[in-house]
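Morning, everyone. Please have a look at the structure on the screen, and I will walk you through it.

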Amino acid sequence: MKPLNWILGLAVGGLAGLPASAAGAADRPLHVLHLGPVPAATGGRGPDARTNYAYLPGQTLAPEAILFDHVTSPTNLTEVQLRHYDAVVQTLPDSGLDGTRRAWLEGFRKSGKGWIQSADGTRPTDAALRSAVLESVPKEAKSAWESSLAARPPLRRLPGEVPNYERRPQPVGYQEPLSPEDSIRYTQVPADFELKLFAAEPDVVKPIWIAWDERGRAWVVEAKDYPHGLVPEGQPGKADVKICEDTDGDGRADRFTVFAEGLNLATSLVFVDGGVLVSQARHMLFLQDTDGDDKADVRRTVLPGWGVGDSHAMQGSLTRGFDNWLYGAVGYSNFRGQVAGRNIDFGQGVFRFKADGSALEFLHQYNNNTWGLGLNAHGDVFGSTANGNPSFYGYLPAHILNPTQPGPGRRGGGGGGGFRPGYRLDGDNSPEADTRNVRRLPSAKSLAPGMRMHPNTPNVRMVDNFGGYTAAAGHTFMVSDALPARLQGKALVTEPTAKIIGIMDIRPDGGGYRAEDGFNLLASTDEWMSPVHADVGPDGAVWVLDFYSFVIQHNPTPNVRSAGVEATTGLGGAYKTANDLRDQTHGRIYRIVWKDGPRSPIRSLASASPETLVAALDSGNRFWSQTAQRLVVDRQQSQPAPALRKRVRSGTGGTGAIHALWSLAGIGALDAETHRKALLDRDPAVRRNAVRALPTNEVGRQLFFSSPVVQDPDLVTRQAAFAKLLEFPTAPEIRTVVAQLQRVPANTGDPFLNDTLTLLGRIHKVDGVGENEVAVSTGDPKRGEALFYESPTAACAACHTANGRGGDVGPILDGIAVRADKAYILESLMDPNAKFAKGFENLEISPMPPLGAILKEQELADVLAFLATLTRPPKDGNTVPVRKTEDYE
Amino acid sequence: MNIRPLHPLLAALALLASWTHAVAADDVPGIDAKGYVRNWVMLAPIPLPEGAPTGDLLMRDQVPGEATLKPKAGDRVTVRGKELAWRDVSAKTNFMDFNEALDSLNDRSGGYVVAYVEAPAETPDVMVSVGSNDQGRLYFNGVDIYAWTEARPLVVDADKGKVRLRKGINVFVFKVLNESNSWQASLRLTDLAGKPLPGLRVLRTPTPTP
């Protein structure tokens with residue numbers, strides 16, 4: 001688009017009405033609001049596909065402190081927010097603006113700021129956009145912007161070998177680290193927010209997790225021994241738990257107390273039973289201070305059996321569930337151990353357990369290293385993983401589902417396995433049934449497959465899934481009375497690779513959820529910044545843990561051929577270069593604070609009365625409402641019970657009622673009448689939680705059938721009711737209900753409900769329910785080829801080359817059809833760890849996700865058909881990718 | 001059970017005993033009156049790599065294309081640098097004891113036993129009862145039909161499934177891994193009522209009876 005197509009709202013007036021936040025600061029970036037849809041990026045093709053994110057000018061203009069925020073729908077724009085910008089770029093058609101917002105924008109322009117309108121709704125080049133913005137903003141704003149550029153130090157490059165998987169003509173150089181103050185200058189938060197430093201090195205180093213106690217004090221896990229620091233059982237590691245306090249209320253931590261040290265590869269902590277439970281190498285660790293000196297004097301191992309094969313695939317993200325269980329996520333280091341006399345074996349998903357280790361259940365299987373875990377305002381479970389999955393929703397229990405699944409990957413249901421479907425001696429399985437036609441159900445569904453990231457640096461360094469989320473380390477929800485309405489309930493996904501905190505706009509969609517791109521809450525041009533976890537704190541602001549490491553990539557291990565750098569694989573599976581650039585000395589904790597908002601009113605619940613605790617369940621800040629529930633449950637006091645019952649029975653719904661319900665359940669005081677009222681509450685989220693709180697005994701069964709939840713008008717709640725039916729023992733009336741549910745078109749037409757119905761049919765042995773089988777026609781190599789090269793979720797070509805196109809991470813697949821039989825190829829797709837190809841035998845664990853969990857059965861058949869066409873071996877016969885060394889000369 | 005290295009002479013005797021064991025194999029019926037498979041073609045012991053969980057190793061091929069193996073005695077294969085030969089063995093009782101067949105203790109080892117079950121006619125609803133010590137994975141005519149990924153003592157008939165035997169040769173490949181001590185496997189074929197199936201034979205090669 002040509003600049004001529006743009007109407008520049010030039011600064012013609014004075015600065016009357018310009019707020020201090022925009023005009024008064026002598027040294028600040030330019031803030032521009034993009035009003036209109038976020039263009040969908042393509043990516044994955046072309047010579048610069050690995051480095052060009054092609055969306056909006058984050059990679060070009062943000063590095064010079066021209067920062068864009070994005071509002072896709074004008075109804076989300078408020079006048080207060082608008083005042084924080086220097087210019088507005090409108091790609092939305094004029095007809096999309098209502099009178100009120102048009103008037104705001106007219107006033108905005110009259111105040112001397114820029115209102116740049118696209119004549120045809122298209123996006124200009126970044127250079128044209130830059131010119132238009134700089135021409136439109138007030139002189140004072142431009143002057144402040146120029147001062148900010150002059151004030152910050154340039155990003156200097158130091159010697160050091162940096163892997164160049166992106167195949168840049170010139171590899172990215174090793175950047176010199178910045179001070180926290182200068183890092184802030186290179187980091188964007190929304191114009192109406194401020195990034196405030198809470199703590200930094202040397203006080204805090206390598207923060208990986210944060211949680212707050214009932215006094216609002218921050219407890220931080222310092223992963224000082226990540227990634228290579230695994231030590232033998234019984235020996236002290238270098239990780240610790242540190243209490244960071246702001247004693248004078250200035251927003252900065254000023255007292256640091258090591259609560260427990262000598263931990264090994266600790267990843268997270270959660271408050272429980274008067275202490276904290278820490279996830280670390282091989283087991284959980286319960287730590288408690290019994291004499292009030294803020295030092296752990298009780299140290300007890302809980303729940304051994306967590307694998308340590310890969311230090312970025314271990315258990316972590318410990319969180320309290322609404323249901324008073326503890327929740328966590330684990331990657332492919334897996335759990336394998338015995339709990340309550342049962343062998344349990346699972347990996348790559350979300351689990352829940354009892355704090356004393358007496359129970360453990362695998363909840364939601366995903367297909368990759370699972371890190372992020374978060375509960376929305378209603379207690380529904382979401383998470384995020386590596387490689388293109390920044391948000392998933394867990395809706396079927398894996399410990400019930402997995403034993404019914406066909407083919408490889410039968411783990412997760414307890415025990416050691418058994419006969420696969422079609423060969424079992426129960427039900428009506430035909431012994432000769434083609435088990436490939438048994439539909440594989442997901443227990444969690446990806447909500448944002450292929451979603452692109454929006455970095456503020458052109459120097460994002462990635463191994464695969466170029467341009468998409470690849471290290472979605474955290475997934476929490478903004479439920480805070482100190483944040484603007486436009487952010488409420490949205491999810492924060494930390495992505496250290498791209499130096500961003502992405503926002504997922506997660507909305508109900510039938511019996512489940514969908515996610516839309518909510519852009520960023522934070523994005524940095526400082527290539528050291530590495531947000532690994534973000535969550536709402538006691539003040540209602542979003543707190544960010546910045547691991548602050550230039551090298552954040554864990555694996556695969558690069559070599560000269562693949563990335564221009566020779567490296568070895570260290571303990572824990574992370575690569576190591578000769579001049580090891582992995583940092584062990586930095587770390588920052590920030591707060592992202594809404595300038596126009598209040599802070600959450602509660603300061604402490606440490607000495608709260610039962611009445612105060614019950615009142616706090618209704619806090620607009622989820623941290624406090626959950627803390628109140630925790631205190632009620634862990635103290636096991638009966639005094640709050642009457643007030644809790646009253647809150648549930650009030651019929652007014654809301655999160656307070658949900659937390660009151662679970663508080664009652666947690667202290668064993670949830671009576672049938674209160675439970676019945678909750679099942680009939682007008683708030684669907686209360687009904688949903690009431691369903692989940694039902695015991696699986698006769699009392700629970702009677703309560704279940706005394707309410708209409710199986711036909712709940714809220715389909716997410718209806719799905720929860722179906723899932724509860726999975727837990728009841730099979731009985732004639734349940735089989736009858738399951739059969740009846742199949743007759744409701746709304747149930748079979750919704751994928752979440754239909755999946756649950758399918759599993760109900762399997763569990764309660766009711767024929768013809770859901771969609772248990774899938775029709776798979778002969779694979780189409782053309783469709784398979786398209787999937788191979790273009791599927792953002794399978795992303796085959798990101799790692800494998802075929803017919804001369806594709807990535808260099810995994811084996812070259814030319815000739816695969818003649819050097820391996822179909823069974824081998826199928827098993828490799830379904831269970832990448834089953835076999836390792838020639839040249840990759842030394843891999844402990846395959847980084848490839850099992851495609852059975854990603855692709856539909858027909859898609860899998862199509863990919864197989866395409867692979868069957870690859871009959872011509874590579875010209876040099878080498879199936880291990882080789883990069884031409886001259887690329888680096 | 002204590003494990004001690006074998007004296008070379010004892011090792012030679014053990015090898016001889018193993019050979020005589022194999023020679024005597026066909027004295028035992030291929031499948032006994034209760035339906036337990038007695039005749040096998042065995043490949044063992046395959047040393048398992050240190051460090052990797054045994055359950056994971058079970059789910060990986062220890063010999064390329066293990067699902068579709070059709071070996072005969074004398075066939076040789078090299079696994080992790082060690083050359084091994086397939087050989088005929090027979091179970092003395094209703095389970096196959098690898099250590100007994102090898103006349104040695106083999107901790108952290110894996111092995112295969114293969115049975116060629118010849119059916120006189122297509123036979124639906126054949127109950128397959130399996131047991132293993134420790135991990136076991138069973139392939140039936142090239143299809144992975146069963147896996148047990150945990151260490152456990154042998155319980156014959158621990159798990160039951162069903163298959164349809166085709167007329168002629170049906171191939172059962174049973175991979176069994178041993179973490180420590182005893183190393184055993186059992187496989188039984190009956191009708192759904194647990195009664196033996198008439199006319200079944202267990203051969204030493206995939207060549208049908210003329």
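How many helices and strands are there in chain A? There are 24 helices and 39 strands. Both are DSSP runs, numbered from the N terminus: helices are H or I with at least four residues, strands are E with at least two.

Some ground rules. Residues are numbered from 1 along each chain as its sequence is written, and chains are lettered from A and ligands numbered from 1 in the order in which they are written. This is a predicted model, where local features need pLDDT of at least 70, side-chain atom pairs count only at pLDDT 80 or more, and totals for chains, interfaces and linings use all residues.

What is pLDDT? It is the predictor's confidence in each residue, from 0 to 100. Chain A has a mean pLDDT of 87, and 89% of its residues reach 70 or more. Residues 408-415 of chain A fall below 50, yet this stretch has 34 contacts in the model beyond near neighbours in sequence. A contact means that two C-beta atoms, placed from the backbone, lie within 7 Å. Residues 427-436 of chain A also stay under 50, with 21 contacts beyond four places in sequence. Where pLDDT is low, the predicted coordinates should not be read in detail.

Next, burial. A residue is buried if 20 or more other C-beta atoms lie within 10 Å of its own, exposed if 12 or fewer, and partly exposed in between. In chain A, 57% of the 889 residues count as buried. In chain B, buried residues make up 43% of 210. Chain B has three helices and 13 strands.

Now the nonpolar cores. Such a core is a set of buried Ala, Val, Leu, Ile, Met, Phe, Trp, Tyr and Cys residues joined through C-beta atoms within 7 Å. Which members of the largest core touch the most others? They are Leu269(A), Leu277(A) and Leu661(A), out of 245 residues. Helix α12 of chain A, residues 655-666, gives the largest share, seven residues. A second, separate core has 54 residues, including Tyr423(A) and Val37(B). Back to Leu277(A): among the residues it touches are Leu269(A), Met284(A), Phe286(A) and Ala355(A).

Let's move to a sheet. Four strands of chain A form an open sheet in the order β10-β11-β12-β13, with antiparallel pairing. Strands pair if DSSP finds at least two bridges between them. Why is one side of β10 and of β13 left without a neighbour in the sheet? Each stands at an edge and has a single partner strand. Six bridges join β12(A), residues 239-245, to β13(A). Across that pair, Val241(A) stands opposite Ala260(A).

Now one helix, α16 of chain A, residues 715-727. Its 13 residues should span 18 Å, and the end C-alpha atoms are 19 Å apart, which agrees. The expected span is 1.5 Å times one less than the number of residues. Of those 13 residues, 10 are buried, so α16(A) is largely enclosed by the rest of the structure. The buried ones include Val716(A), Phe722(A) and Leu725(A). Their cover includes β31, β32, α14 and α19 of chain A.

Last stop, Gly55(B). It lies in helix α2 of chain B, residues 54-58. Is Gly55(B) buried or exposed? It is buried, because 23 other C-beta atoms lie within 10 Å. Gly55(B) touches both chains, with Arg336(A), Asp345(A) and Gln135(B) among its contacts.
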